[in-house]
Amino acid sequence: MTTGPDAMAWSDDHLWALARAERAALAEDLAALSPEQWRHATLCGQWDVEQVVAHLTAAASTDRWQWLRSMVGARLRPDVHNERRLAEQRGRTPAATLDRFRAVIGSTTAPTGHTPAYLGEVVVHAQDIRRPLGLPRTPSVDALTPVADFFARRNFAVASRTHAAGLHLRADDGPFAAGSGPLVTGSTLALVMSMAGRGAYLDELDGPGVPTLRSRLDDARA
């Protein structure tokens with residue numbers, strides 16, 4: 001049972017405002033990157049920094065009908081859809097890719113009405129970039145909490161609910177708490193990123209449920 005804030009307490013306007021703030025913060029970080037850093041690996045599979053940024057731009061530029069047409073064209077293969085849309089939003093240079101991302105900072109375009117998921121896309125992919133580069137900025141707990149709540153309740157773009165099933169997750173820096181079973185505790189960021197399948201954050205968690213969570217993420221990567 002979720003014991004943290006109910007997702008219904010967050011209005012779409014508030015969630016989009018948080019998404020705008022997180023996009024703007026990421027754009028500020030990206031502006032200082034060297035050419036080598038734009039080619040750096042991220043926590044997001046085989047994508048480098050520029051590819052993740054182009055993916056974020058694509059996600060903020062695709063409405064429901066565009067998404068449906070793209071998925072049909074990709075024969076319902078999400079990886080093919082993502083690669084095609086990423087290629088559309090990648091500029092001739094990293095600077096051009098960043099300009100395209102800046103242009104969607106205020107976007108509220110999305111394929112569905114699951115606004116916490118699209119806020120989650122921003123905060124997770126921002127950390128996919130920052131963590132390998134050693135960039136110190138962390139999303140706000142205000143932005144992370146509705147994402148954590150959504151991830152614990154539903155599989156969407158990531159198998160977050162599956163990863164968290166049968167565990168009691170509890171943040172030690174904010175109000176988020178969800179589930180029942182062996183305890184997993186840590187920062188809201190570490191809980192969000194671990195539910196999103198990013199094993200790099202597991203060492204920041206404590207509690208008897210951590211080995212179960214680690215095993216699930218290992219299985220998902222296998």
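**Close-up 1. Residues that meet between helices H7 and H8 in the predicted model**. From H7, the residues Pro116, Ala117, Leu119, Gly120, Val123 and Val124 take part. Their partners in H8 are Ala143, Leu144, Pro146, Val147, Phe150 and Phe151.

**Close-up 2. Crossing of helices H7 and H8**. Two packed helices are described by the angle between their axes and the distance between the axes. H7 spans residues 115-133 and H8 spans residues 141-153. The two axes come within 9 Å and cross at roughly 115 degrees. The crossing of H7 and H8 is left-handed.

**Close-up 3. Nonpolar surface patch made by Trp65, Trp67 and Leu68**. The area of this patch is about 320 Å². Leu68 belongs to helix H4, which runs over residues 64-73.

**Close-up 4. Gly166 in the loop between helix H9 and strand E1**. H9 covers residues 160-164 and E1 covers residues 168-171. The relative accessible area of Gly166 is 53%; this is over 50%, so Gly166 counts as exposed.

Close-up 5. Ala178 is 12 residues from Gly166 along the chain, and the C-alpha atoms of Gly166 and Ala178 are separated by 9.9 Å.

Key
Residues numbered from 1 in each chain as written. Predicted model: local features only at pLDDT ≥ 70, side-chain atom pairs only at ≥ 80, totals over all residues. Heavy atoms only, no water. Helix = DSSP H or I, 4+ residues; strand = E, 2+ residues; numbered from the N terminus. Buried < 20%, exposed > 50% of the residue type's maximum accessible area, 1.4 Å probe, protein only. Patch = residues over 30% accessible without salt bridge, like charges linked within 9 Å, V, L, I, M, F, W, Y side chains within 5 Å. Areas by Shrake-Rupley, 256 points an atom, 1.4 Å probe, with all protein chains shown as cover. Salt bridge = Lys/Arg side-chain N within 4 Å of Asp/Glu carboxyl O. Axes fitted to C-alpha atoms, helices over the stretch in contact; angles between N-to-C directions. Left-handed = near helix turned anticlockwise from the far one by under 90°. Contact = heavy atoms within 4.5 Å.
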